[in-house]
Amino acid sequence: MIGKLQRPVDFERVLGRQSRARSAHFALHHLSANPAPSAWRAAKLRTASVELSTGESQPVHNPVEQNPPTAPEGCWVGIVVPKRHAKRSVTRQLLKRQIRAAFAAATGMPPGLWVVRLRAPFDRQKFPSAASDALRQAARAELAQLLDKAMASKPGTKT
């Protein structure tokens, strides 16, 4: 299962660690953990009373779980494509799609939180079109190499 990281706290946890693998344009960060529980899961449920238009007050009991649900094991992917490295939104979206596709194609990825960060822009002289097939293929090939390098390296080592 591949989930999507969305909460800033998860991005901070993963990006606070050294990158696990780097390529010319991307950096890959990994943390062997599950996403932080949502605020609604951590909130305490309590009994409330609801006022009805008839004037009678009925107690409403919210179910209380002893153990809040935990996130299932799997890969959770976060993507950081800053505007300073990819000016056009078409290019940013193309890169995000390629990152998601590379993770979907990768097999045997260790579970945990993964963040792929664009760390350098692609050369506009070499790829003049914002969403060219050449850019798509170059990004996909580089991401495949990056994921292979991350799978070969041990956690905590920088390559």
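Trainee: How far apart are Arg-136 and Asp-133 in helix 4?
Mentor: Both belong to helix 4 (residues 133-152) and are three residues apart, so about one helical turn separates them. Helices here are DSSP runs of H or I with at least four residues, strands are E runs of at least two, and both are numbered from the N terminus. This is a predicted model: local features need pLDDT of at least 70, side-chain atom pairs count only at pLDDT 80 or more, and totals for chains, interfaces and linings use all residues. Residues are numbered from 1 along each chain as its sequence is written, and side-chain values use heavy atoms, with hydrogens and water left out.

Trainee: What does Arg-136 form with Asp-133?
Mentor: A salt bridge, with the closest N and O atoms 2.4 Å apart. The term needs a side-chain nitrogen of Lys or Arg within 4 Å of a carboxyl oxygen of Asp or Glu.

Trainee: Is Asp-133 buried or exposed?
Mentor: Asp-133 counts as exposed at 52% relative accessibility, while Arg-136 is partly exposed at 28%. The cut-offs are under 20% relative accessible area for buried, over 50% for exposed, and partly exposed in between (1.4 Å probe, protein chains only).

Trainee: How many salt bridges does a search of the whole structure find?
Mentor: Two. One of them joins the side chains of Arg-13 and Asp-10, at 3.3 Å from N to O. Those residues are also three apart, about one turn, in helix 1 (residues 8-15). Asp-10 is buried at 2% relative accessibility, whereas Arg-13 is partly exposed at 29%.

Trainee: What does the side chain of Arg-20 make a polar contact with?
Mentor: The side chain of His-30, at 3.0 Å. The Arg-20 side chain also reaches the backbone oxygen of Ala-150 at 3.3 Å. A polar contact is a pair of N or O atoms within 3.5 Å; within protein, one must be able to donate a hydrogen and the other to accept it, and residues adjacent in sequence count only if both atoms are side-chain atoms.

Trainee: Where does Arg-20 lie?
Mentor: In strand 2 (residues 19-22). That strand runs antiparallel to strand 3 (residues 26-31), with three bridges between them, and a hairpin of three residues joins the two. Two strands pair if DSSP finds at least two bridges between them. Ala-21 has Leu-28 in strand 3 as its bridge partner.

Trainee: What lies in the loop between strand 2 and strand 3?
Mentor: His-25 is in that loop. His-25 is buried, at 16%, and its side chain reaches the backbone oxygen of Pro-121 at 3.5 Å.

Trainee: In what order do the five strands form the sheet?
Mentor: The order is 1-6-7-3-2, in an open sheet with mixed pairing. Strand 1 (2-4) and strand 2 are the edges, each with a single partner strand, so one side of each lacks a neighbour in the sheet. Strand 6 (residues 75-80) and strand 7 (residues 112-118) run parallel and are joined by six bridges; Ile-79 stands opposite Val-116 in strand 7.

Trainee: Switching topic, how many aromatic pairs does a search of the whole structure find?
Mentor: Three. Phe-122 and Phe-127 have ring centres 5.9 Å apart and planes at 80°, so that pair is edge-to-face. Rings of Phe, Tyr and Trp (its six-membered ring) pair if their centres lie within 6.5 Å; planes under 30 degrees apart count as stacked, over 60 as edge-to-face and the rest as tilted. Ring pairs link Phe-26, Phe-122 and Phe-127 into a cluster.
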